[in-house]
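Walk me through this model, starting where the two chains meet.

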Amino acid sequence: MTTNGQSGLDGTIASPWHGSGSSRIPSPVYTDEAIYRRELERIFYGPHWSYVGLEIEVPEAGCFKRTAIGERSVIMIRNRKGEINVLENRCAHRAMRFCQERTGKVMTLVCPYHQWNYNHDGKLLGVPFRNGVKGKGGMLPDFQLEDHGLNTLKVAVRNGVVFACFDHAVEDLGEYLGPDILACFDRTFDGRQLVLHGYSRQRIPGNWKLMMENIKDPYHPGLLHTWFVTFGLWRADNDSRLTLDRHGRHAAMMSRRREEVKQNVEEGVTSFRKNMQLHEPLLLDIVHESWWGNDTVCMTTVFPNVVFQQQVNSLSTRQILPQGPDKFDFVWTHFGFADDDEEMIERRLRQANLFGPAGFVSADDGEVIEFSQQGFEQDQAFSTWCELDGTGIGPTDHMVTETLIRGMYRYWREVMEL
Amino acid sequence: MIVDPDLRYRIHDLYAAYAACLDDARYGEWPEFFTEDAWYRVVPRENYDRDLPLSTLSLKGKAMMKDRIYGVESTIFHAPYYQRHLIGLPLIDQHKDGIVKVEANYFVTRTKRDSLAEIYSVGKYLDEITIRDNDLKFARKFCVFDNDIVANSMIYPI
């Protein structure tokens, strides 16, 4: 017998969904271990591109950054030809996760257990005692170094941003993103030299998809986040556009901030504070950058593991690292551009106070995700109600909709066959 | 150089008062520990060690600190929690020009309602204290924390 979301002995999983749509998401989608294992296999280790980092994080040959895709540890490393490789952090010999530093620079990658030694492309260069000692032991004559390299992922680098995939049959990155999402990506990453500002990391006790939902949900920012609604950064009455790729898996939310905010959006939005004044107006010292065009914010979600943030002058990538069905690590990488002057650098860093684990408009996103997860855990028979603006899926010219979340779950149901 | 014993006692008192202010949740009083143009910064050790400028929080001036407290008390939705600061013996470097540099380890626990106490932040204060009119204030306070994966969110000052 299988229950909702539970796996049978034959690896089957009974679908926890009721009906065919994607607007009523059942609790086990967020809590069930077997469903989560299938997500890792089909989504994170299947034919989907995952963000791994920025090229500037590995500026020279031998520079590496350790990160993960799903729960598999990987190393992004630059080789002597200047190319970026992404290698699985697992020795071909005894599975050691040999790389423990987050970043560094190496001549070769050496697993300390038995000193198997790999080059920057993951090729095995040599192993100790290959021919034995004093004619005894060692590898058999058919041992070939080229059969024992590190697992090498397929890599795509676009304008300084590095993606990787375990499945070498994955489609081209441009096709994967589709034209509309690609345009949002290229708006920020147009080939300009990037500058790394640093990292914020948080562990959020909720299912990883809740973060994707959060950034596909334009309904909440003008309600949960006082700063957004009071200072006009994100309001239901701002000019805005939502778009998604043809599968519904990726999305972007673009909006234009109000310079003058005098009134509440509508009666009863309690997060609006008419008389709220900053003691230090510099916190919102926003300077329009020419590449923005009309939009002052563009939040792009690329399935399954990254959010690209442009929120006024603050820029970041936000990477999702799932850690079981009920928690994930969220890694923010803030950056600027090489041609930023001192004032702009300072401005980006100051506006970073809005974001990250302590951010004025994002500390509470982590909190609400935690409490949603608690609600799913306490009632497996529950389904969310995600029908703001109906049950359809498509681009809109307003924010009062949950269409992007429905788009992601339509795709999720196809891939997961649930 | 041997630190003047009177100054040492006053610095101990300053840290004890600072911890009590935060642990008693008297957040409105917190900016008063700083000079007008002080820099309060909470930064993961990873960024600090690598000279990466991003902070978890970077508040320059008392005005920005007041805005933070308004956010903490009025705009950021979060589960309530208690903090408890244990601050180690300060390492004091007395300077002639009226600035005293102090390093002190800290250990902060977080206790949410209906939960056990947990280790929340472990790090080191890198501070500069000014003495004016016989009054000690922080001109700079960097909180450099080791456990750089924050347990979801960071609301109250450290």
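Across the interface of chain B and chain A of this predicted model, 22 residue pairs are in polar contact, both partners at pLDDT 80 or more. Five salt bridges also cross this interface. One pairs the side chains of Glu370(A) and Lys112(B), at 3.4 Å from N to O. On the side of chain B that touches chain A, α2 (45–49), β2 (57–60), α3 (62–75) and β8 (149–151) of chain B each supply at least two residues. Here α3(B) gives the most, with nine residues.

In total, the contact takes 40 residues from chain A and 34 residues from chain B. About 3,200 Å² is buried between the chains, and carbon and sulfur atoms give 55% of that area.

The largest nonpolar core has 148 residues, and Trp227(A), Trp30(B) and Tyr40(B) touch the most other members. Its largest share, eight residues, comes from α10(A). A separate core of 16 residues includes Ile77(A), Leu87(A), Leu109(A) and Phe143(A). Beyond its neighbours within four places in sequence, Tyr40(B) contacts residues including Tyr18(B), Trp30(B), Phe34(B), Met65(B) and Ile158(B).

Helix α10 of chain A covers residues 403–416. Its 14 residues reach 20 Å from first C-alpha to last, close to the 20 Å expected. Twelve of the 14 are buried, so α10(A) is largely enclosed by the rest of the structure. Among the buried residues are Leu404(A), Ile405(A), Tyr409(A), Trp412(A) and Arg413(A). The buried residues of α10(A) pack against α1 (28–31), α2 (33–44), α5 (208–214), β12 (240–244) and β13 (251–255) of chain A. Just after the helix, Glu417(A) takes a positive phi of about 50 degrees.

Notes
Residues numbered from 1 in each chain as written. Chains lettered and ligands numbered in written order. Predicted model: local features only at pLDDT ≥ 70, side-chain atom pairs only at ≥ 80, totals over all residues. Heavy atoms only, no water. Helix = DSSP H or I, 4+ residues; strand = E, 2+ residues; numbered from the N terminus. Expected span 1.5 Å × (residues − 1). Buried < 20%, exposed > 50% of the residue type's maximum accessible area, 1.4 Å probe, protein only. Contact = heavy atoms within 4.5 Å. Core = buried A, V, L, I, M, F, W, Y, C linked by side-chain atoms within 4.5 Å. Buried area = accessible area lost by both parts, 1.4 Å probe. Salt bridge = Lys/Arg side-chain N within 4 Å of Asp/Glu carboxyl O. Polar contact = N/O pair within 3.5 Å; in protein donor to acceptor, adjacent residues only side chain to side chain.
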